[in-house]
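Hello,

Here is the structure I promised to pass on to you. Have a look at it first, and then read my notes below.

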Amino acid sequence: MQHRQLGATGPRVSALGLGCMGMSGMYGPSDRAESVATIHAALDAGIDLLDTGDFYGMGHNEMLIGEALKNVPRDKVLISVKFGALRDPGNGWGGNDTRPAAVKNFLGYTLQRLGVDHIDVYRPARLDPNVPIEDTIGAIADMVKAGYVRHIGLSEVGPETIRRAAAVHPIADLQIEYSLISRGIEDAILPTCRELGIGITAYGVLSRGLISGHWDKDSARKGDFRAMSPRFQAGNVDHNLALVEALRGIAERKQVSVAQLAIAWVAAQGEDIVPLVGARRRDRLQEALGSLDVSLSADDLATIEAAVPKGAAAGDRYAAAQMAHLDSERPH
């Protein structure tokens, strides 16, 4: 397994990470036994970075990972956890809470559900507009000093917030969506992270499955949140799937799958970027692992970007308004 350094101060991790969200119902029903088997297969293949959130399935995902890791030595895996999103009994969303007391509360429950004594990278999932980022990062820093957290990360924030957070404590990485059709971070967020020595863990590298090469308009199932996502809706999805067909032609010439090409493109954007693959089945994991063997020349990259130019996708959530929202704290 290839490895990459997660920022100037973060851990060295596998060149691919496993995003576990889809194993807890966000994309519709999932198979628990297959999910556990997929985590084991990832570890066997050398993937040592598992990403989760305490609100995925309202604790289900952490308990699932805890079950899968029961007999795995703690030093063989790095666990990245997002916190702060509030849920209700009807699976609704209630905003975010990143007050210092809430940070410690969420962390205590996470350690219990996972069955571990520390979290390798702990990060607020979104900005809490009512809490200065300095207060949140300071609270996590206290947990670093206490030994419950090893590194601090960020998720879904813009340049101003990144700078303010990094002024309080070294930041290992920023987790944010980045793919061939979601490239908004290239304008200001990625340069800021590189200036500060902060790595990127890129989720959505297949745009929630849209550019996996396996998606069609009838793929969404009951309980799949993608049915409400603009990029998958009528008027957008046909345009986006045409981009996928352009990628398919390039992939076929290189004798790789569309998914492998798309993941390899993200990885080729810099050694400071670690793609997170959201495989919840072993066959999809195996396909993603094949991206590590895909070598993209400068000509290949130019051909790919000509086929899918920046900003070409319809309904991309990283439009200007969304990117601006990433620095939406109220003045303090």
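**What I found**

Let me start with the core: the largest nonpolar core holds 84 residues, and L18, Y122, L154 and L174 touch the most other members. Helix α8, spanning residues 258–267, gives the most to this core, with eight residues. Please keep in mind throughout that this is a predicted model. As general background, nonpolar side chains in soluble globular proteins tend to be buried together.

Not counting residues up to four places away in sequence, L154 touches R123, P124, I133, I137, I162, A165, I171, D173, L174 and Q175.

Now for the overall picture. The protein chain has eleven helices and twelve strands. Of its 332 residues, 57% count as buried. Among the contacts in the chain with a separation of 6 or more, 77% are between residues 24 or more positions apart.

How do the strands come together? Eight strands close into a barrel, with parallel pairing, in the order β3-β4-β5-β8-β9-β10-β11-β12. From one strand to the next, the twist averages 30 degrees. One of the pairs is strand β4 (residues 49–53) with strand β5 (residues 78–83), which run in the parallel sense over five bridges. In this pair, L50 of the chain stands opposite I79 in β5.

Helices pack on the sheet as well. Helix α3 (residues 100–114) touches β5, β8 (119–124) and β9 (149–155), and its direction makes about 140 degrees with that of β8. Helix α8 packs on the sheet too, touching β11 (199–203) and β12 (273–277), with its direction at about 150 degrees to that of β12.

Is α8 enclosed or exposed? Ten of the ten residues of α8 are buried, so this helix is largely enclosed by the rest of the structure. The buried residues include V258, L261, I263, W265 and V266, and Q260 is buried along with them.

D51 counts as buried, at 4% relative accessibility. Its side chain makes a polar contact with the side chain of S80, at 2.9 Å. Leaving out residues up to four places away in sequence, D51 touches L18, G19, C20, Y56, S80, K82, Q175 and L276.

The other stop is P191, which is found in helix α6 (residues 189–196). P191 is partly exposed, with a relative accessible area of 38%. Apart from its neighbours within four places in sequence, P191 is in contact with I185 and E186. P191 and P159 are 32 residues apart in sequence, and 8.9 Å apart in space from C-alpha to C-alpha.

Best wishes

Definitions and conventions
Residues numbered from 1 in each chain as written. Predicted model: local features only at pLDDT ≥ 70, side-chain atom pairs only at ≥ 80, totals over all residues. Heavy atoms only, no water. Core = buried A, V, L, I, M, F, W, Y, C linked by side-chain atoms within 4.5 Å. Buried < 20%, exposed > 50% of the residue type's maximum accessible area, 1.4 Å probe, protein only. Helix = DSSP H or I, 4+ residues; strand = E, 2+ residues; numbered from the N terminus. Contact = heavy atoms within 4.5 Å. Pairing = 2+ DSSP bridges. Axes fitted to C-alpha atoms, helices over the stretch in contact; angles between N-to-C directions. Polar contact = N/O pair within 3.5 Å; in protein donor to acceptor, adjacent residues only side chain to side chain.
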